Amino acid sequence: MVHQPNFIISKDDWSLHRKGYQDQLRHQEKVRDAIKKNLADLVTDESIIMQNGRQIIKVPIRSLDEYKFRYNYNKGQHGGQGDGSSSVGDVLGKDPSGAQQKGQGKGEGAGEQPGIDYYEAEVSLDEIETMLFKDLELPNLQRKTLDDIRTQDIRFNDIRKKGLSGNIDKRRTLMEAVRRNALAGQKHLKNIHPDDLRYKTWEEIEVPHSQAVVLAMMDTSGSMGQFEKYIARSFFFWMTRFLRTRYEHVDIQYIAHHTEAKVVTEHEFFTKGESGGTICSSAYRLALQLIAEKYPPNKFNIYPFHFSDGDNLSSDNEKCIRLVKELMEISNIFGYGEVNQYNRSSTLMSAFKNVTDPKFKNVLIKEKGEVYKALTTFFKAGDAIQAS
Amino acid sequence: MKKNELKELEEAIEEITMIARDFGLDFYDMHYEICPSEIIYTFGAYGMPTRFSHWSFGKAFHRMKVQYDFGLSKIYELVINSDPCYAFLLDSNTLLQNKLIVAHVLGHCDFFKHNARFYNTSRFMVDSMAASAERIRQYEIEYGKLAVEEFIDSALALQEHVDPALVGRNMRKGNQAQSVASPEQVDPYADLFEIGAVKEETQSQPTPRFPAEPEKDLMMFIMEHAKHLQDWQRDILSVMREEMLYFWPQLETKIMNEGWATYWHLQIMRELDLDEGETVEFAKMNAGVIMPSRTSLNPYHVGLKMWEDIEKRYGREAMWEIREVESDSSFLRNYLTKELCEEMDLYLYQKVGNEWKVVEKDWEKVRDMLCASRVNGGFPVLTAQDGDYLKNGELYLKHSFDGTELDVKYLEKTLPHVYNLWGRTIHLETVLDGRAVIFTHDGKKNHRRFQ
C-alpha cells in the first residue's frame, strides 16, 4: 500500500508581512499622543524629576487600555495551584499598587483599582523633552552686539585628496572609484585605489550668538512647605533642562532666599531646605547686584524668575515692587510664580497686581498639573515684547 | 532551514501522522507553515494572520515580541481551526521541538473536528478574515482611517457580547411560539436575580417590549437596531461578531483542548524512537509546558491530569465521547474529582486587604468556582432589556449578576463606547455591594443611581 501523506509543509516568504509592525507603530503613535495630552501631569511626576540619569521612564497613560465590561478582579476568587502543601491563609503576594497609592482615602471603594487601570508606556526622557520643549523658547531674546557673543563653529566645506582618515568622504570616494572603473570599461565597482580617496576638510567659522543669563530665585522660608518647594523645584528642573538642551550659552544663577538671599550651587538649590521668615526683596536686590557685577545688560539677555508662596513680610512689599521694576528695565521678562494651593490672599501677589508692564509675567499654581502652565507662560514662543 | 533538515522534518511528520492515525485520532488535512517568529507573534496577537489591522493588535504583538526577545516566553506553534488545518512552526525550532509540536497539533485538530462546540464554526475563516480585512481597508480609504479606527475601538469594547447559542435558541423559540415564552425561560439568569424596581418600570409599559425577550447578542442587536449607523459600520460590527463567534468555542474549551493535545503528544512521543539527547530535550520541554502556576490554572497541566484520570477510570473509549460532548465548564463539573483536586493541590485565592491569600481548599467549592469562572467564556453576561427605554430610543442593558461585581472603572470607560455604537443614552443595571445600581451615559458623562 502506498501511503499518501495528507499534509503539506511550506515555507513562504513572509518578509512583506509587516502588519504587526505597522499596527505597533500606530500604537506607539497613540502612546505619544497620550503622553502629549498628559504632559502637564508628567512635568511634576516624581519618578521623572527624581530620576538620576535613567533615560527610560515608565509613563502612566490613562487612555490606551482596551476597555470592556469585565469582572472586578480584586473582588473575585481565582483558581491556583500549589506544590502539594498549600493551606488556607497562605499569602501568594501583595498588591503593590495598593501599597503605593498615596492620599487615596477611599479605602475599599467599589471597583476602585488604583494603579491598575492605566497602561504604562516606556519612553525616553529625550522623547518627553522633545515634546515638552517643542513650543518653548526664551522669549524676547535679543541679539546683543559685542565681540564676545560670537561663538566658534566648524563647517565642512571642501573636499581634498589628502586628509585625516576619520574624515574620508565615503560617497565621493565611491563615486571616484566607480568613475575610474567605468572609464576603464569595468561595469561594476571592483576595488578602491588610494587615488580614489577623498577627504572632507573644514574651516572654522564664527557664528554670532545671543548670550543670556537666567536668575532662578526661590523662596526657602519656613512657610514654603513640601508641596510649595516641590512645585518650585519642578519648574526649575524643567527650566534648567530646557535651557541646557536648547541653548548653548545660557548661564543660570541660583538664588535661594528667606530673609536673606544668597547665591547657591545647583545641587544646593535643588536639595537644601531652609526656614525662617520671608523678605523677597533680598533676592531681587541680590539679582540686581549680580547683574551689575557679572551680566551687563548690553551684553546679556536677562531672565529673572522668582518662585514663592507669596507669603512676604508686608512692610517689604513696596520695596519688592520698586526692585522688580528696576529689574524689568534691564531684563527681557520677569517671571513670578506663586504656589498657592488654597488660594489664600497673598501679600506679594496683591502688591504685584498693579504692575502693568508687559514684561511682567505671573502664574498662580494651585496644583501639580499647573507647573506646565508656568513653563508655557514664561517660555512662550514668539512672544515678543517691545524692548524698552 | 536547510534542505536536509526539511527532509528530516517531512519524514518525522509522516511517521507522527501515521502513529496518530493508529491511535484513532481523526483530523483534517494538515498544512504546516514554517515561519519566522514575527509571524507567529502576529498570529498570536491577531488570532489569525489575515485579520484586519488595529492598534490594539499592534500593542499585543509588541508585548509578545518583547517577551520573546527577553526570553520570557516562547510560542513554539500556533494552530488554526480550519480545513485544511494550518499549523505554524517557528523556523528556529529544533527537529525534536517540531516533532512534539506536530504531535500536539494533531491532537488539537482532532479536537476541532469533533468537539460539539465547533460544529457551527466556519472552517474557512482564514479566507473570510482576509476578505473582511480588505473591505475594512477600503472603508479606511473611503471614510477616513481615524473614523474607522474609532469605530473599531468601540466595537472591540463590546465584541464578547455575542450569543453562540443563537441558532439553537431561535429554533426553541419557534417551538414555544404558542406557549408564550417568558423571559425567564430564555435568559437562564433572569429568575435568579430579579430586581423588582426595573421590572415594574419596564412592565408598566403597555406596548410590546423591544426586544421581546432579553437579548444577549448585543453585537447583533446593535447592528440590527442602532438607527444612526451607516452600512460600513454595520458591516464592521458583523465582521467582528462573526470573528468572535469563530473564536468562541476555543474560549470555552481551553482546558479540555490543551489537555487533549498534551495527552496525545505524550502518547505519540512515546512511540517514537528518540535518542538519549532527544529524550532529555523532550522531557524538559514537556515539563515546561505543564508547569503549574500559583496564580492561575495551567490548562495544559489541569487538562492533561483530567484526561489521564478519565482514561484510568473509564478507559480510552470513553475519552473519544467526552471530547465530543463536553466544554470546560461541564468537563470540570463532571470529571474534576476530590482526588484530582488534592493531587493537583488546587485552591482558590482572593484579595484580603493588601494581600492575595489562599482562601478555599474545599474541593467542591474549588470545583464550583472553577466551573462558574468558565461560564460564558469568563465574560460577564449582559442583555439588552429595552431598546426604546423611556420611549426615547435609549438602550437599557442589564448585567446578569452572578455574585461577582463588575469593574466599575472599566464599566464607566466602556459605556461611552456603547453610546458611540447605539447613538443614544445607555443605561446599565448591575449590583454593587449588594445593591442594584444603574449606570447611565448620556454621551457626555456618566451618572450612577442606586435603586
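1. A word on conventions: residues are numbered from 1 along each chain as its sequence is written, and chains are lettered from A, with ligands numbered from 1, in the order in which they are written. Since the model is predicted, local features need pLDDT of at least 70 and side-chain atom pairs count only at pLDDT 80 or more, whereas totals for chains, interfaces and linings use all residues; side-chain values use heavy atoms, leaving out hydrogens and water.

2. Of the 451 residues in chain B, 54% are buried (buried means under 20% relative accessible area, exposed over 50%, and partly exposed in between, with a 1.4 Å probe and protein chains only). Among chain B contacts between residues at least 6 apart in sequence, 70% join residues at least 24 apart (contact means heavy atoms within 4.5 Å).

3. Next, have a look at helix H18 of chain B, residues 363-374. H18(B) has 12 residues and reaches 17 Å from its first C-alpha to its last, close to the 16 Å expected at 1.5 Å a residue (the expected span is 1.5 Å times one less than the number of residues). Its buried residues are B:Val366, B:Arg367, B:Leu370 and B:Cys371. They cover an arc of only 130 degrees around the axis, so they sit on the same side of H18(B) (the arc is taken from the directions from the helix axis to the C-beta atoms). Their cover includes strand S3 (78-81) of chain A, as well as helix H16 (328-335), strand S4 (346-352) and strand S5 (355-360) of chain B. Just after H18(B), B:Asn376 takes a positive phi of about 55 degrees.

4. Over all chains, the structure holds 43 salt bridges (a side-chain nitrogen of Lys or Arg within 4 Å of a carboxyl oxygen of Asp or Glu). With A:Arg179, the closest N and O atoms are 3.1 Å apart; both residues lie in helix H6 (residues 170-183), 3 residues apart, about one turn of the helix. A:Glu176 also meets A:Arg198 in a salt bridge (3.1 Å, N to O). This second pair links distant parts of the chain, with A:Arg198 in the loop between H6 and strand S7 (199-208), 22 residues from A:Glu176. A:Arg198 and A:Glu176 are buried, while A:Arg179 is partly exposed at 46% relative accessibility.

5. B:Lys113 lies in helix H4 (residues 95-114) and B:Asp26 in the loop between helix H1 (3-23) and strand S1 (30-35), so the pair ties together parts 87 residues apart in sequence. B:Lys113 is partly exposed at 27% relative accessible area, and B:Asp26 is partly exposed at 29%.

6. Finally, find A:Leu138 in the loop between helix H5 (125-133) and S6 of chain A. A:Leu138 counts as buried, at 2% relative accessibility. Leaving aside neighbours within four places in sequence, its contacts include A:Ala212, A:Phe242 and A:Tyr303.

Terms used. Helices (H or I, at least four residues) and strands (E, at least two) are DSSP runs, numbered from the N terminus.
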